[in-house]
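Good morning, and thank you for coming.

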Amino acid sequence: MTQMQTRAGSAPGGLGLKVGDLVEVRGAEEILATLDERGELENLPFMPEMLAFCGQRLTVHKVAHKVCDTISRSGFRRMTNAVHLTGARCDGSGHGGCQTACSLYWKEQWLKRVSPDDPLPVTNKAGPNGHRPTLPILEINARRPPGEDGEERYSCQATELLRAAPACLGFLAVDQYVQDVRSGNAGVLATVRTILVGLFNRAQSRSQKFLPRRLWFRDGLRWRFLKGGVIGRTPTAHLDLRPGELVRVKSKEDIMATLDENLLNRGMGFDEEMSRFCGQTFRVRNRVERCLDEKTGRMLTMKSPCIVLEGVLCGGVYNANCPREFVPFWREIWLERV
């Protein structure tokens with residue numbers, strides 16, 4: 001066992017943080033002392049992009065006691081002693097310029113509670129030449145071995161979530177909903193709503209398995225009743241939208257007309273959470289051309305850039321109060337200029 005592993009094993013326990021708590025990100029050396037030789041704590045990587053937050057004070061945005069599995073689609077998985085911090089998203093600078101903007105996971109051992117009256121620390125956000133601090137162990141472990149064709153591959157928190165959260169969390173695990181409320185992730189009414197939606201979706205799924213089609217309610221669809229029907233290649237549109245432009249999300253019916261039976265438009269998915277924004281107006285935040293494939297670590301370059309809208313996040317409203325808050329990608333055919 002290496003010295004680093006020994007130090008990691010003696011890391012302090014969790015802080016019991018809740019939404020709204022003020023914390024300070026520990027310094028790089030303190031965090032390094034909690035990491036193993038892979039730059040991880042409890043199989044969760046500390047990434048190069050996170051060094052920019054060392055010494056900063058931030059509030060807890062959500063308690064990451066569960067994560068949705070977007071790799072193997074196993075449902076939800078349990079995570080311990082981790083939170084999301086307000087405004088702390090990955091900028092992709094250590095991972096080939098990935099534009100997914102994931103909300104970073106912070107182990108509580110990397111943080112410390114502070115009071116607003118405590119003196120401010122001296123941050124290490126940038127060096128004398130304006131460069132961010134680096135740690136070789138983080139840079140090395142942000143890469144996977146190249147693919148067979150020599151293609152560069154990456155490792156990040158999103159690609160390693162199955163290791164960081166190995167235990168599946170069933171829908172009927174009541175303690176997750178209690179923790180949603182106690183942590184401040186969601187209110188009582190929101191939690192009741194997400195449970196009812198989950199029960200409805202389970203009933204719909206079982207009806208498809210065990211009942212004849214004529215007895216299915218609304219074709220056995222999940223709540224929000226999304227159904228695409230395009231046969232063959234799905235349609236496209238090119239608006240050349242730019243940051244700052246005002247757009248309206250098209251109606252659910254208009255968007256359904258662009259999706260295949262798997263709710264995909266040229267491989268890009270539209271889901272129940274995104275349907276909540278139909279008919280609403282937003283500003284374009286940026287265009288997305290590059291994102292990591294969570295399964296393989298490959299960098300995907302989009303033939304047609306997608307759009308990110310200001311203030312639009314996946315709220316987990318219909319998905320068990322998921323705290324991950326993905327940034328949805330929008331096809332231009334789903335939007336219209338105002």
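Predicted model: local features only at pLDDT ≥ 70, side-chain atom pairs only at ≥ 80, totals over all residues.

Arg324 counts as buried because its relative accessibility is 4%, where buried means under 20% relative accessible area, exposed over 50%, and partly exposed in between, with a 1.4 Å probe and protein chains only. Residues are numbered from 1 along each chain as its sequence is written, and side-chain values use heavy atoms, with hydrogens and water left out.

Which residue forms a salt bridge with Arg324? The partner is Glu294, with the closest N and O atoms 3.6 Å apart; a salt bridge here is a side-chain nitrogen of Lys or Arg within 4 Å of a carboxyl oxygen of Asp or Glu. This pair links distant parts of the chain, 30 residues apart: Glu294 lies in the loop between β16 and β17, and Arg324 in the loop between β17 and β18. Strands (E, at least two residues) and helices (H or I, at least four) are DSSP runs, numbered from the N terminus. Glu294 is buried too, since its relative accessible area is 15%.

A second pair joins Glu332 and Arg287, whose closest N and O atoms are 3.1 Å apart. Here Glu332 sits in the loop between β17 (299-309) and β18 (335-337), and Arg287 in strand β16 (residues 281-292), 45 residues apart. Glu332 is buried at 6%, and Arg287 is buried at 16%.

By contrast, Glu30, which forms a salt bridge with Arg26, is partly exposed, with a relative accessible area of 40%. The structure holds 23 salt bridges, and Arg38, Glu40, Arg144, Glu160 and Arg163 are linked in a network of them.

Let us turn to helix α6. This helix, residues 188-210, gives the most to a nonpolar surface patch, with 4 residues. The patch is made by Val181, Val188, Val192, Leu196 and Leu199 and covers about 410 Å². Patches are made of residues with over 30% relative accessible area and no salt bridge, like charges being joined within 9 Å and nonpolar side chains (Val, Leu, Ile, Met, Phe, Trp, Tyr) within 5 Å; the areas come from the Shrake-Rupley method with a 1.4 Å probe, and for residues only the protein chains shown count as cover. Val192, found in helix α6, is partly exposed at 41% relative accessibility.
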